[in-house]
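Subject: Structure handover

Hi,

Here is the structure we talked about. Please open it alongside this note. My findings follow below it.

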Amino acid sequence: MEEVLTQTKFDILRTELRPTALKISDALRAKASEIVNSSDFPTRKNEAWKYTNVNGLNKLVFDGKNAPISEPLIISNRSRKLFVKNGQVSEGQSMLSGIKTSWDVLPEFYTDDAFDALNVLYCTAAIQLNFDNAENETIELVFENTTNSAIFPRLFIQCNKGAKGTVILNFQGAEKNASFINVSTYVNVGENANLSIHKIQKNGTETFDLQREYVDQAANSTFTMNTFPLSGKLTRNDLKINVNGNNCETFMNGAYTLKGKSHCDNHTTVDHKVAHCYSKELYKGVIDDRATNVFNGKVFVRKDAQKINAFQSNANILLSDTGTVNSKPELEIYADDVKCSHGSTTGQLDDEAIFYLRSRGLSEKAAKELLVKAFLGEVLEEVQNEEVRSYLEAQIEKHFSA
Amino acid sequence: MIEIKNLHANIEGKEILKGLTLTVNAGEVHAIMGPNGAGKSTLASILAGREEYEITKGEVTFEGADLLELSTEERAHLGLFLAFQYPVEIPGVSNVNFLRTAINETRDAKGEDPISAKEFMAMVREKSKIVELDSKLASRSVNEGFSGGEKKRNEIFQMAMLNPKLAVLDETDSGLDIDALRIVAKGVNTLKSADNASIVITHYQRLLDYIVPDFVHVLHDGKIVKTGNKDLALELEEKGYDWIKEETQVG
């Protein structure tokens, strides 16, 4: 009998991708290949992808068409910077201290996620950042995307015992850029360490951006992940945090401004495996035109993880009648002495407040802008890094003037 | 200043104003009194440009312009101010930030330059004194967590900052204790000049002990049925509104 081979959507996508030039161990290659070969694109039947359809990935053409970015690229002037242009580490930049970009062989981190496995096989840049002192240095990775490309960075962020560090992951795409950004980030926060990551996703309007962060926190550590999807055709972020040690603090903040037909999906999981920890999550966004937003936040509190304080909140404002929000906060608690809360709201701007402001002379546009800024301001207040915060304030301002 | 002629207005198909006529000149204070449901707050809402109301007849001329054709913000730019009966709480928007935006949008509409930060702050200090508003309240979120009295004082503070030609005070006395009432009234009296005017809408005569009106109008069933001087307010306080209703029916 003849075997019928059906081509999966991954198979079609792979014909457009160039295998990684980095050396991968046979074991990792075999594992990653096996996962991708036995997978297909997620469908609605897959709970974690119920509202996000990635079929459009196969319409992308990585034709190398170039368009410059008209705005300033850099967010932080006080940071050490590494430039990654169209997925490739810029030449002559591999010697920066604390930043490793050349490898004998790719590190053996992997998960069973098909896009993570795909990232291994087609990795365009592997970058490790190391923090080993308490000086709270800032490293900014600037991903400048000017051609329609497959951009598959693999990032390893290590904040060692007692160290403090700040990372800015700054994704900037040309206005109509149509790339596939596929990022896997592995984060390790050591004992008594304090790490903050600020991720800005200002992608081209046709870009697909799928990112995963896998975070492990050791005892007495603090970790902050701030996520800001500002533009792009489809943005999906999967943030998974394992809190493995006692007395940890975990902060997850997100703010998004969606318009046009853009789609944004933030999935977060914080897994409290042990006792005496605190986590706080705040995601807020405004959705205009025909844009859609998905939020799914999961908090696990394992059986012996007593005295956990976990708070989660997602709030959305619809600026049009045609925008959509699917928000699902989830708590799974197996311990009995914990304090947890979650909440989700979706609404419109308060008409009475708009009228009040207009009666004082503000135009309808100015009134709405002021209310939206106030709404997102609650998230921005959580951003400790001033340069990032003022960048975001300017971006929100621009979002409304466009 | 403002001329309201034969104004008819509906909300959800129900006629509330049934031919209201009123003229207010510069330098004057007019009180509008009347029983609940007479249309007092409807008048305030229509003047400020609330869109829920349908104007079926009549006209309103303000500073030579057809008021009903203007947007809410254009009315504000021309110098109309409404002190709300229920001032809105706006979390996250600071009072001063919002007022600076309001002043600058008005200046922009008149083709003037924006106010300088220095000039603005000096104005905040000066005007907050008029209503004895703590300068800390001025920098807090708009009305958020303010007491009833603080909210009303904040309305008058905003009025002082925006310096309107015509102020419409919609039941500003409701929910105020006597001290707050005195402060609010003092604020309104301080701001009074030969170039501006006020329409004070109230259910009770109490406020008019402090803000002395030049004219008192009684609004009943969507029309002004009686006009007099400040003594009319005292008469209403003494006799209630029933005699007006009866008199109107007989008439």
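Start just after helix 8 of chain B: B:Gly240 takes a positive phi of about 80° there. Keep in mind that this is a predicted model.

Now helix 8 itself. It spans residues 230-239 of chain B, and B:Leu232, B:Ala233 and B:Leu236 are buried in it. These three residues sit on the same side of helix 8 of chain B, because they cover an arc of only 105° around the axis. The background is simple: an α-helix has 3.6 residues a turn, so residues three or four places apart point the same way.

Next, the interface. On the chain B side, 30 residues are in contact with 17 residues of chain A. About 1,900 Å² is buried between the two chains, and carbon and sulfur atoms give 64% of that area. Three residues stand out: B:Glu73, B:Val88 and B:Phe98 supply 25% of the area that chain B buries against chain A, more than any other three residues.

The polar side of the interface is as follows. Eleven residue pairs are in polar contact between chain B and chain A, counting pairs with both residues at pLDDT 80 or more. Five elements of chain B each supply at least two residues of the side that touches chain A: helix 2 (72-78), strand 6 (80-83), strand 7 (90-94), helix 3 (95-109) and helix 6 (148-162). Helix 3 of chain B gives the largest share, five residues. By class, the side of chain B that touches chain A has 16 nonpolar, nine polar and five charged residues.

On to the salt bridges. Over all chains, the whole structure has 31. Four of these are between chain B and chain A.

Two examples from the interface:

- A:Arg360 and B:Glu155 meet through their side chains, at 2.7 Å from N to O.
- B:Glu51 and A:Arg358 meet in a salt bridge at 3.6 Å, N to O. This pair crosses between chains, from the loop between helix 1 (40-48) and strand 4 (54-62) of chain B to helix 4 (residues 351-359) of chain A.

A:Arg358 is buried, with a relative accessible area of 9%.

- B:Glu171 and B:Lys40 meet at 3.7 Å, N to O. The pair links distant parts of the chain, 131 residues apart. B:Glu171 is in the loop between strand 9 (166-170) and helix 7 (178-191), and B:Lys40 is in helix 1. Both residues are buried.
- B:Glu89 forms a salt bridge with B:Lys151, with the closest N and O atoms 3.0 Å apart. B:Glu89 lies in the loop between strand 6 and strand 7 of chain B and B:Lys151 in helix 6, so the pair ties together parts that are 62 residues apart in sequence. B:Glu89 is partly exposed, at 35% relative accessible area. B:Lys151 counts as buried, at 17% relative accessibility.

Last, chain A. A:Glu71, A:Lys202 and A:Lys398 are linked in a network of salt bridges.

Best wishes

Conventions. Residues are numbered from 1 along each chain as its sequence is written. Chains are lettered from A and ligands numbered from 1 in the order in which they are written. This is a predicted model: local features need pLDDT of at least 70, side-chain atom pairs count only at pLDDT 80 or more; totals for chains, interfaces and linings use all residues. Side-chain values use heavy atoms; hydrogens and water are left out. Contact means heavy atoms within 4.5 Å. Buried area is the accessible area (1.4 Å probe) that two parts lose on being put together, summed over both. A salt bridge is a side-chain nitrogen of Lys or Arg within 4 Å of a carboxyl oxygen of Asp or Glu. A polar contact is a pair of N or O atoms within 3.5 Å; within protein, one must be able to donate a hydrogen and the other to accept it, and residues adjacent in sequence count only if both atoms are side-chain atoms. Helices (H or I, at least four residues) and strands (E, at least two) are DSSP runs, numbered from the N terminus. Ala, Val, Leu, Ile, Met, Phe, Trp, Tyr, Cys and Pro count as nonpolar, Asp, Glu, Lys and Arg as charged, and the others, Gly among them, as polar. Buried means under 20% relative accessible area, exposed over 50%, partly exposed in between (1.4 Å probe, protein chains only). The arc is that of the directions from the helix axis to the C-beta atoms.
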